[in-house]
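Me: I am new to this structure and would like a close look at a single part of it. Please keep the answer plain and connected.

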Amino acid sequence: MSALAELTDLVARNAVDDGVHETAIPRLALIRSAAPTEALHALHEPAVCIVVQGRKRVLLGDRVYEYDRNRYLTVSVDVPIVGQVIEASAERPYLCLRLDLDPAMLAALWMEMGATPAAATSDPSLMLGDLQPELVDAALRLLRLLRTPDDIALLAPLVEREILYRLMKGEQGPRLREIAQADSRLGQIQRAIAWIKRHFRDPFDLAELAAQARMSPSALHAHFKSVTRMSPLQFQKQLRLQEARKLMLSRALDAASAGYAVGYDSPSQFSREYNRLFGAPPLRDVARLRRTPEALYSG
């Protein structure tokens with residue numbers, strides 16, 4: 001059995017139902033879908049995603065990314081995306097492993113590798129890379145540890161470090177080195193994103209946001225858009241609308257109450273922006289999601 005075939009088998013054995021399955025290995029999740037999904041909105045955190053069966057499409061702003069068992073996806077900052085499984089069936093379900101990126105581990109590894117400063121780039125936060133045999137082999141050894149839980153605490157961090165090392169030595173190395181550097185341009189954008197996440201209900205304040213990122217407002221706006229493919233204000237709106245959607249589903253709030261809860265003063269403005277993002281007014285969208293709960297799946 002080839003390494004990729006064994007990796008596929010291990011993902012299938014540990015993710016027997018559709019959805020996102022957290023594992024005993026920290027930061028590692030397995031994802032399964034037995035059918036194509038509709039386009040689903042989510043806030044994707046920094047991670048590397050390796051598809052071992054099927055195909056997925058992700059939209060970031062105006063850019064489209066497709067990946068399968070030949071290409072992996074790296075996400076470098078928290079960013080709202082639209083994801084859709086486009087190739088899956090009951091016989092050959094979509095299978096993916098997601099390893100969330102640990103900035104502290106990346107920073108330590110970067111120091112051990114010589115701490116070469118990464119040149120600032122204007123690349124978007126999502127990047128695709130060709131899946132190399134060395135990365136497949138390391139991922140396989142990480143998943144094999146699910147068979148021997150007693151070995152996870154000692155050995156999983158070592159294999160995770162190897163995976164990050166392979167990534168940093170590859171074509172996406174410059175972007176990962178930026179994650180490792182807290183004072184990099186990407187680090188400044190991540191600070192801005194973290195501030196927006198904490199204050200998304202508050203009135204938008206570009207000057208305060210720029211101060212938190214330690215950038216001028218014009219530089220922040222330009223670099224933020226190059227990384228996330230949206231402006232800081234658009235980013236805040238997406239967080240507000242995704243949170244309102246969750247509130248209506250989980251707490252049965254009406255549209256007006258959900259809008260107020262996430263910072264909207266005008267119910268009509270909330271409804272317009274909700275409709276623009278999700279393709280339907282709040283009540284109709286939530287009713288559809290309750291009829292088809294599988295539509296909430298993302299990953």
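In what sense do strand S1 and strand S2 pair, and over how many bridges?

Reply: The model is a predicted one. Strand S1 covers residues 19–22 and strand S2 covers residues 28–33. The two strands pair in the antiparallel sense, over four bridges.

S1 and S2 form a hairpin with five residues between the strands. Arg27 lies in this loop between S1 and S2. Its phi is positive, about 75°, although Arg27 is not a glycine. Arg27 has a relative accessible area of 31%, so it counts as partly exposed.

Arg229 is in the loop between helix H8 (217–228) and helix H9 (232–250). With a relative accessible area of 23%, Arg229 is partly exposed.

From the hairpin we can turn to the charged side chains elsewhere in the model. Side chains of opposite charge can pair when their charged atoms come close. The count of salt bridges comes to 24.

One of them joins the side chains of Arg13 and Asp9, with a distance of 2.7 Å from N to O. Both residues belong to helix H1 (residues 3–14); because they are four residues apart there, about one helical turn separates Arg13 from Asp9. The two partners can also be described by their accessibility. Arg13 has a relative accessible area of 60% and is exposed, whereas Asp9 is partly exposed at 27%.

Another salt bridge is formed by the side chains of Arg98 and Asp100, at 3.1 Å from N to O. Here Arg98 is buried, and Asp100 is buried as well.

A further salt bridge links Glu162 and Arg141, with 2.8 Å between N and O. This pair connects distant parts of the chain: Glu162 sits in helix H4 (residues 152–169) and Arg141 in helix H3 (residues 133–144), 21 residues apart. Arg141 is partly exposed, with a relative accessibility of 27%.

Salt bridges can also join up. Glu38, Arg245, Asp285 and Arg288 are linked by salt bridges in a network.

Met113 is found between helix H2 (103–112) and strand S10 (126–130), in the loop that joins them. Its relative accessible area is 32%, so Met113 is partly exposed. Apart from its neighbours within four places in sequence, Met113 is in contact with Tyr165, Met168 and Lys169. Ala252, by comparison, is 139 residues from Met113 in sequence, and the two are 51 Å apart in space, C-alpha to C-alpha.

To return to the part you asked about: S1 and S2 pair in the antiparallel sense, and Arg27, with its positive phi near 75°, is in their hairpin.

Methods: Residues numbered from 1 in each chain as written. Predicted model: local features only at pLDDT ≥ 70, side-chain atom pairs only at ≥ 80, totals over all residues. Heavy atoms only, no water. Salt bridge = Lys/Arg side-chain N within 4 Å of Asp/Glu carboxyl O. Buried < 20%, exposed > 50% of the residue type's maximum accessible area, 1.4 Å probe, protein only. Pairing = 2+ DSSP bridges. Contact = heavy atoms within 4.5 Å.
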